[in-house]
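Okay, thanks for having me. I'd like to walk you through a bit of helix packing and the sheet beside it, so let's get the model up on the screen.

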Amino acid sequence: MHADAHQLSHMTVITVDGLSKTFDMHVLGDTQVTGLSDVSFDVREGEFLAVVGESGSGKSSLLKCLYRTYDPTEGRIVYHGADGERREAVDLASCDDRTVIRLRDEAIGYTSQFLDEIPRVPAVDVVARPLREQGLSTDEAREQARDLLERLHLPEELWEAYPATFSGGERQRVNLAQALAPKPDLLLLDEPTSALDPETRQAAIDLLREYLDDGTTVVGVFHNTAVIEAVADRVVVLGNGALQGIVPIEAYEGAVVG
Ligand SMILES: Nc1ncnc2c1ncn2[C@@H]1O[C@H](COP(=O)(O)OP(=O)(O)OP(=O)(O)O)[C@@H](O)[C@H]1O
């Protein structure tokens, strides 16, 4: 299914309201660097929201605030939950750490352009771990993990090897598979395909499309315009940490990439 055929839900998964992030730079004589400045938008259930902007415009800072890797300086990030389990609205900007950890376990996945340091655990078990934490047996979890690694073209002889020795693109596949495995309601992707060859990138796009069809909501940073055009429903454009606009994919011309 092409992105423009994707039916957008009217349900809101996240409301970002007046979000700002400043960094205190003590080494620079207590000056402040602006990461994000008064950014507001919402994310609709089941959509793929691409975030674009020049280098340093705040894309990674935005994703890190959504995942609460960064504590926002001001504003709210209200997570409304997925359809059917809207028990609570949680402000990700201010909720306690236990709530952040629970939401990461149950609902929100993240993977970044900087490849995780994966310890001495075979690739298949890195991907299987979140599935086991969801209650699957080791065999079931490893089976699903192998399926994902196969879909992302990781050569079979590497499945039982340690990702620490892998190439950048191979590790990126493991990272992406690990983020996808638990089927989070909300997936935050910061350049997850930057080191992939075109064929594997296409495999990742196909996989993401299936997740979208199943109702996963994605907020993602991708330098590659073709990826954005293939999967995004709307595009958030950042400039100098501020929101420049939100455009539907049909109107997006791929002009602003970092
Ligand atoms: N941990 C940090 N400490 C200090 N400054 C930071 C930190 N993280 C981000 N910044 C600053 O915030 C601004 C936005 O950075 P950010 O990484 O969010 O931009 P970006 O759009 O993701 O850039 P790129 O496309 O180059 O990855 C930059 O000026 C950056 O130097």
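Start with helix 3 (residues 123-133) and helix 5 (residues 168-180): their axes come within 7 Å and cross at roughly 20°. Quick housekeeping: this is a predicted model, where local features need pLDDT of at least 70, side-chain atom pairs count only at pLDDT 80 or more, and totals for chains, interfaces and linings use all residues. Residues are numbered from 1 along each chain as its sequence is written.

Helices (H or I, at least four residues) and strands (E, at least two) are DSSP runs, numbered from the N terminus. Axes are lines fitted to C-alpha atoms, for helices over the stretch in contact, and angles run from 0 to 180 degrees between N-to-C directions.

So helix 3 and helix 5 are roughly parallel, a label for angles under 35 degrees; over 145 is roughly antiparallel, 65 to 115 roughly perpendicular, and the rest oblique. Who's touching whom? On helix 3 we have Ala-123, Val-126, Val-127 and Pro-130, and on helix 5 Val-174, Ala-177 and Gln-178. Contact here is C-beta atoms, placed from the backbone, within 7 Å. By class, that contact has six nonpolar residues, one polar and no charged. Nonpolar is Ala, Val, Leu, Ile, Met, Phe, Trp, Tyr, Cys and Pro; charged is Asp, Glu, Lys and Arg; the others, Gly among them, are polar.

Helix 5 also packs with helix 6 (residues 198-213), at about 5° with the axes 12 Å apart. Gly-169, Arg-173, Leu-176 and Leu-180 of helix 5 meet Thr-200, Ala-204, Leu-207 and Tyr-211 of helix 6. That contact has five nonpolar, two polar and one charged residues.

Let's zoom in on strand 7. Strand 7 (residues 186-190) runs parallel to strand 8 (residues 217-221), joined by five bridges, and four bridges join strand 7 to strand 6, also parallel. Leu-188 stands opposite Val-219 in strand 8.

Is strand 7 buried or exposed? Five of its five residues are buried, so strand 7 is largely enclosed by the rest of the structure. Buried means 20 or more other C-beta atoms within 10 Å of a residue's own, exposed 12 or fewer, partly exposed in between, with C-beta atoms placed from the backbone. Leu-186, Leu-188 and Asp-190 point one way, Leu-187 and Leu-189 the other.

Conventions. Contact = placed C-beta atoms within 7 Å. Pairing = 2+ DSSP bridges.
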